[in-house]
Amino acid sequence: MIETLFTGEQALTVWLWAFVATGVVAGIVSGFFKARKIQPRGFKWKTLRNEAIVAVITLLISGKILGAATGWLKAQGWITFHSGPAPWWMIALEFGAYFFLFDTYFYWLHRWMHKEPFYGWVHKLHHKSTSPNLLTTLSVNPLESIINGGFVPLFLAIFTVHPATMALILPTNIVMGLYVHSGYEFLPRWWNRTWATKWFITATFHDQHHRYFTGNYGGYTTIWDRLCGTMRKRYEADFDTIKARTVPDRGLPGLNAEGGEAQALNS
């Protein structure tokens, strides 16, 4: 009977959604999300409503324009893909090129959009939310959406990559956008304390950009902010303070739920 109602793919989709829904409910009930909320009192229903309206309008306009532009570039032969399988290191190189080139593109255009009159014309709408949430990701001026989203077809017109690389690029765009605007910090306490990971941004990093309007311009990494001196000085201390809430009795050396706030304030 079940087989007649669901195909294998449909059943898997139902189970995945059920798994996610169960995790969300468990996270709310257990206090997992509450402990990781970056701005505990920042959420506003009015802001969420307005962002939902803007998101729908922006998706309709920018999606149509970017889709048409990408289709035209493909039809003209500007965008093509390598056929056949590729070694893992080739996919890694292609994805790495996209990752760091986009981060550079985003950083400098983002800084530019914070200068008048461009801020008022383009970027101000996105900063209506000083405590971002998932919808903030899409709550942007359609022109800004086209500027940011336009990097992918531009990159593909310049570089010919494999379809497997595209399978990494698109989810990265979505996941990173949602994560940094989520308003919750899920990365581990040691993230900014190791050389290998401190170069990649956290939700706290971008959340502070919305809260204070300046600094922390990077989209994927902290590299350009560190090089150009635009990373907020209290960012790493504030990150530690937020993470201290999650394990109050086993914090980092010299850091606990009570002492974390004092350490951050004195840094």
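I began with exposure: buried means under 20% relative accessible area, exposed over 50%, and partly exposed in between, with a 1.4 Å probe and protein chains only.

The model is predicted, so I noted its limits: local features need pLDDT of at least 70, side-chain atom pairs count only at pLDDT 80 or more, and totals for chains, interfaces and linings use all residues. Residues are numbered from 1 along each chain as its sequence is written, and side-chain values use heavy atoms, without hydrogens and water.

**Elements.** I found 13 helices and 0 strands in the protein. Helices (H or I, at least four residues) and strands (E, at least two) are DSSP runs, numbered from the N terminus.

**Ile65.** I looked up Ile65 next. It lies in helix H4, residues 45–75. Ile65 is partly exposed, with a relative accessible area of 42%.

**Inside.** Buried residues make up 40% of the 267 residues.

**Contacts.** Contact means heavy atoms within 4.5 Å. Which residues does Tyr98 touch, not counting those up to four places away in sequence? I listed Phe151, Val152, Phe155, Ile169, Asn173 and Tyr220. Across the protein, I took contacts between residues at least 6 apart in sequence; 69% of them join residues at least 24 apart.
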